[in-house]
Amino acid sequence: MTPDIEAVRPLPRFPEPDTEPFYARCREHRLSYQTCRKCGAIVFYPRSHCTRCTSTELMWHDSEGRGTIYSVTIMRQHGHPAFRARLPMAVALVDVDEGFRLLAEIVTDDPFSVHIGQPVTVAWITEGEVTLPGFTPVAES
Ligand SMILES: [Zn+2]
C-alpha cells in the first residue's frame, strides 16, 4: 500500500482558455488577476468576461502577493489522502491588497495561530506540473 504522504492533491487537469494564463503565471510565481478595460472592475477568479458589465475586454495584472486573512478554518479531517497527510491545515479566504479575495491554503507549521486580520504573503505550492497560490503569515506590525 502506498503511504498517504505520497498522494497528490486534486489538481486542475484541463486548464481552459480562461484559466490557462492564470496557471501559466503561477508557474512563474506571479499571482495574477484581471481588470475590465470598460468599467475598471476587478475580476477574480479568471474569466472571459467582466462580472460587472460583461465586457470581454479584460487586462491581466500581477499582484504584489500580500493580503490579510478575511476568514479562516482549520481542516482536521479530510477524505482525500493527500490532504490527510497535511492535517491539521488552515484554509482561509484572503483579501489580497489589490482588491480581490482568494480561497487558499495557509502554509504554516502552526495552523492554530492563523487568525482573522493576520497579514499574509503568497507562498507557492507546486504539485507536479501545477503551481498553486497559497499564503503564509508574516510578522504583524
Ligand atoms: Zn466591466
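Which residue in β3 is the bridge partner of Tyr 33? It turns out to be His 61, and the pairing belongs to a set of five bridges that join β1 (residues 32–36) to β3, the two strands running antiparallel. Strands here are DSSP runs of E with at least two residues, helices are runs of H or I with at least four, and both are numbered from the N terminus. Two strands count as paired if DSSP finds at least two bridges between them.

A word on the model itself. Local features of this predicted model are described only at pLDDT of at least 70 and side-chain atom pairs only at pLDDT 80 or more, while totals for chains, interfaces and linings use all residues. Residue numbers start from 1 along each chain as its sequence is written. The pLDDT, which is the predictor's confidence in each residue on a scale from 0 to 100, averages 91 for the protein, and 95% of the residues score at least 70. Where pLDDT is low, the predicted coordinates should not be read in detail.

Overall, the protein has two helices and eight strands, laid out from the N terminus as α-β-β-β-β-α-β-β-β-β. The C-alpha trace spans about 50 × 40 × 25 Å along its principal axes. Of the contacts between residues at least 6 apart in sequence, 49% join residues at least 24 apart.

The domain assignment (bounds taken from an automatic or database assignment) gives domain 1 as 15–62 and domain 2 as 64–141. Their C-alpha centres sit 21 Å apart, and eight residues of domain 1 are in contact with 11 residues of domain 2. On the domain 1 side of that contact, helix α1 (residues 20–27) gives the most, with three residues. That side divides into six nonpolar residues, one polar and one charged, where Ala, Val, Leu, Ile, Met, Phe, Trp, Tyr, Cys and Pro count as nonpolar, Asp, Glu, Lys and Arg as charged, and the others, Gly among them, as polar.

Back at the strands, β1 and β3 are part of an open, antiparallel sheet of three strands in the order β2-β1-β3. Its edge strands, β2 (42–43) and β3 (58–62), each pair on one side only. Elsewhere, β5 (residues 89–96) and β6 (residues 100–106) run antiparallel and are joined by seven bridges, with Asp 95 partnered by Arg 101 in β6. Three residues lie between the strands of this hairpin, in which Gly 99 takes a positive phi near 110°.

As for the interior, 20% of the 141 residues count as buried, meaning that 20 or more other C-beta atoms lie within 10 Å of a residue's own, with C-beta atoms placed from the backbone. A nonpolar core is a set of buried Ala, Val, Leu, Ile, Met, Phe, Trp, Tyr and Cys residues joined through C-beta atoms within 7 Å. The largest one has 13 residues, and those with the most contacts inside it are Ala 92, Val 94, Ile 106 and Phe 135. Two or more residues each come from β5, β6 and β7 (119–127), with β5 giving the most, four. Ala 92 touches Ile 69, Ser 71, Val 72, Ala 104, Ile 106 and Val 114, leaving aside residues up to four places away in sequence. A second, separate core of five residues includes Tyr 33, Cys 36, Cys 50 and Leu 58.

Notes
Two residues are in contact if their C-beta atoms, placed from the backbone, lie within 7 Å. A residue is buried if 20 or more other C-beta atoms lie within 10 Å of its own, exposed if 12 or fewer, and partly exposed in between; C-beta atoms are placed from the backbone.
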